[in-house]
Amino acid sequence: MEPILNVKNITKAFSGVRVLKNVSLTVNRGEIHCLVGENGCGKSTLVKCVSGVYTPDEGEIVLNGQRFTKLTTQQAIQNGVQVIYQDMSLFRHMSVAENIAIEKIRAKGARLINWKDVAGIAAEQTRKINVKIDLEKEIFECPIAIRQLTAICRALAHDAKILVMDEPTTALTKNEVSQLLTIVQELKSQGMSIIFISHKLDEVFSVADVITVIRNGEKIGDYNRAEINEKRLSELMTGREIDYPRYRRDFTENTPLLEVKGLSRKGHFNDISFTLRKGDIVGMIGLLGSGRSEIAMSLFGLNPIDSGEIFVSGEKVSIAAPQDAKRRGIALLPEDRFREGLFTDLKIKENVSSTVIDEISPRGCLDFSEEDRLAEKCIETFKVRAPSRETVVRSLSGGNQQKIVIGKWVETKPNIFIMDSPTVGIDIGSKAEIYEQIHNFAKNGMAFLLISDEVEEILANCNRVLILEKGRIKTILEAQDLRQPDAKKLILEEIGSRDLQPDTEPSTK
Ligand SMILES: Nc1ncnc2c1ncn2[C@@H]1O[C@H](COP(=O)(O)OP(=O)(O)OP(=O)(O)O)[C@@H](O)[C@H]1O
Ligand SMILES: [Mg+2]
């Protein structure tokens, strides 16, 4: 085996707090190397050291046999390190082909751009990963999955030797994830090394050669995929056994809190009817284009409906704007939290209080101690890993940012909480904590509509599931169906999706 990257005893601190402690790592040529660990354990910081974005305080990085104590981003790129960032950093108003080729052409020092070259370079890269994309389309018109493929092709055009993917699958649907994992494997067979970060252990197990576990800034160990299983890996990541207890609804009162009858929005969803009672956690699952997020947005007044009726606590209501929804006790945790859910330049406490600013500002004057109290409660309830409530949200790890969004919506004390993919990017341990909170709120009478891609999440939380296909409810599964041993298989079949790996666990040595 030929090492292409050696990280040696790296330590990195922010404002005196050490977030990486003496971490070492070896990545070999043609290896898929996964990094796993809880939110805030230091995964992104580690890869930012490898790509030259951060300079480690101690330690060195050996790339292609060359030693660096202060690696710059330029040197990282010259040595073949390419990072696919979550926002992909693409030019929105350029075509796919231009995005793929432009940097390579610029690097060659060309003063005039030959558009034939652009098309040629782009086509060559897409061939390497065996995909057909419309190269002429402008990026802003492309869905996330295509943007990501564009970013991968751009990295290939740069002669990437090490491709870093930090949670590349969070915004993808199940089928897109499968496609991406196939591409990752294809690149590996061409000799590329890949550093892959994900909280979804089924993805990790389906691609990894080696898995490195990081806990609290320290490396716990490197494991070959064949010598470890999901259960053991979870324990190594969290230091405890993770178990997701199932939710049971315990109410005899069945009057509906929310009743939706024949809801339709042309081109998005059709004839949707369901009921949420006190303490219900109703799941909504279905592939891309099934209309799930669109239904959520219409119920929150973000998209008008064409026909249908909505009743809240028996009263027919019109929800034309989010204010109407809020007034009726409906909250929405949006799918695209980074655009719609957070003020990243503000502090934790300012984010948490933002949804209830009127309530905690008697006579128009903000009650600062109440704001502090709410922030502390959120940090404690969701175990947010942050130095203090004064911390600016931008400096939190991805998963911890997400917990703040959930926390701030909970503060509005909704009766009906619509959650669109609440635990994307959340580690397995924190998921257990979030599920526990959802169960507690439901036991106190809150009703949830839980949109999710993960069958495990649906099974752990829901007492009824709506399976959607092409904008319509295809099947409804009740609590007794969900308790059957083959419930997972049944749901996967209904949504027409294959699981990433067979149900059998890899052997443990
Ligand atoms: N620029 C920064 N300034 C201050 N603190 C930072 C900065 N970047 C990261 N941190 C802190 O370093 C720690 C590690 O963060 P990092 O983003 O590496 O975690 P992660 O393992 O990627 O987590 P996640 O799974 O949530 O993405 C966190 O406590 C985070 O708040
Ligand atoms: Mg991260």
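This is a predicted model: local features need pLDDT of at least 70, side-chain atom pairs count only at pLDDT 80 or more; totals for chains, interfaces and linings use all residues.
Q: Which domains does the assignment give for the protein?

A: Domain 1 covers 3-238, domain 2 covers 256-329 + 414-498, and domain 3 covers 340-413.

Q: How do I read the boundary where domain 2 touches domain 3, and how many residues are in contact?

A: Start with the contacts. 10 residues of domain 2 are in contact with 10 residues of domain 3. Helix H15 (residues 428-443) gives the most to the domain 2 side, with four residues. By class, that side has four nonpolar, three polar and three charged residues. The C-alpha centres of domain 2 and domain 3 lie 25 Å apart.

Q: Why does ligand 1 lie between two domains?

A: Look at who supplies the shell. Domain 1 (3-238) and domain 3 (340-413) both give residues to the shell around ligand 1, so the ligand lies between them.

Q: Which residues come nearest to ligand 1?

A: There are 18 residues around ligand 1, and Asn39, Ser44, Thr45, Ser397 and Gly399 come nearest. Helix H1 (43-50) and helix H14 (398-410) each supply at least two residues of the shell.

Q: What is the make-up of the shell around ligand 1 by class?

A: The shell has 11 polar, four nonpolar and three charged residues.

Q: Where are Asp159 and Asn216 found?

A: Asp159 lies in the loop between helix H5 (144-157) and strand E7 (162-166). Asn216 sits in the loop between strand E9 (210-215) and strand E10 (218-224).

Q: Why does Asp159 count as partly exposed?

A: Count the C-beta neighbours. Asp159 has 13 inside 10 Å, so it counts as partly exposed. Asn216 has 15 other C-beta atoms within 10 Å, so Asn216 is partly exposed too.

Q: Is Glu2 buried or exposed?

A: Glu2 is exposed, because 9 other C-beta atoms lie within 10 Å. Glu2 lies in the segment before strand E1 (3-14).

Q: Which residues is Glu2 in contact with, leaving aside its neighbours within four places in sequence?

A: Asn28 and Arg29. Glu2 and His439, in turn, are 437 residues apart in sequence and 49 Å apart in space, C-alpha to C-alpha.

Notes:
Residues are numbered from 1 along each chain as its sequence is written. Chains are lettered from A and ligands numbered from 1 in the order in which they are written. A residue is near a molecule or strand if its C-beta atom, placed from the backbone, lies within 6 Å of it. Ala, Val, Leu, Ile, Met, Phe, Trp, Tyr, Cys and Pro count as nonpolar, Asp, Glu, Lys and Arg as charged, and the others, Gly among them, as polar. Domain bounds come from an automatic or database domain assignment. A residue is buried if 20 or more other C-beta atoms lie within 10 Å of its own, exposed if 12 or fewer, and partly exposed in between; C-beta atoms are placed from the backbone. Two residues are in contact if their C-beta atoms, placed from the backbone, lie within 7 Å.
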